[in-house]
Amino acid sequence: TSTVNSLGTFLISRECGEQMIAQGSGVFVNIASIYGMVGPDFSIYGDTGMTNPAFYAYDKGGLINFTRYLAMAYAPYGIRANCISPGGLATPDQPAEFVANYTAAVPLGRLAGPEDIKGPVVFLASAASAYVTGVNLPVDGGWTAK
């Protein structure tokens, strides 16, 4: 729900931010979605009964901008905040019609798997991105490049 996604993230970030200030370092890595960046393509759902509710775009778009807020608020303490926006993630229960429609719409021609998400998260959490803050990184097989 929006309460968990919005208020929960805000409260957890505040608590974690206080701890990061106390220890003198830290990194926020939030997980948003491509649907926080672009409007949904309802055609990919076909006759599956699946959809993308309005609150999802509201929550994920807000999270992207909240990440930018965190980046600015915590930068004076040496704390970074970034976000990734994954595209569709493959799960075993997805209807074949959805998988076919989605993969046809993605330039790389497939849904994301867990390995596709791990690398960007590790990068943003590590010293390899020490000069990166306030960024939303699409991890979407090219979906938002269209």
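Let me begin with a term: a polar contact here is a pair of N or O atoms within 3.5 Å, where, within protein, one atom must be able to donate a hydrogen and the other to accept it, and where residues adjacent in sequence count only if both atoms are side-chain atoms. What we are looking at is a predicted model, in which local features need pLDDT of at least 70 and side-chain atom pairs count only at pLDDT 80 or more, while totals for chains, interfaces and linings use all residues. Residues are numbered from 1 along each chain as its sequence is written, and side-chain values use heavy atoms, with hydrogens and water left out.

First, the overall picture. The C-alpha trace spans about 50 × 30 × 25 Å along its principal axes. Of the 146 residues, 34% count as buried, meaning under 20% relative accessible area, with exposed being over 50% and partly exposed in between (1.4 Å probe, protein chains only).

Now to strand E2, residues 79-86, where 8 of its 8 residues are buried. In a regular strand the side chains alternate between the two faces of the sheet. In E2 both faces are covered, with Ile79, Ala81, Cys83 and Ser85 buried on one side and Arg80, Asn82, Ile84 and Pro86 buried on the other. Strand E1, residues 26-31, runs parallel to E2 and is joined to it by 6 bridges, where pairing requires that DSSP finds at least two bridges between the strands; Val27, for instance, has Arg80 as its bridge partner in E2.

Which residue does the side chain of Asn136 meet in a polar contact? The partner is the side chain of Ser85, at 2.8 Å. Asn136 lies in strand E3, residues 136-139, and counts as buried because its relative accessible area is 16%. Leaving aside residues up to four places away in sequence, Asn136 touches Met37, Ile64, Cys83, Ile84 and Ser85, contact meaning heavy atoms within 4.5 Å.

Finally, the surface of helix H1. Leu11 is found in this helix, which covers residues 2-23, and Leu11 counts as partly exposed because its relative accessibility is 34%.

Definitions and conventions
Helix = DSSP H or I, 4+ residues; strand = E, 2+ residues; numbered from the N terminus.
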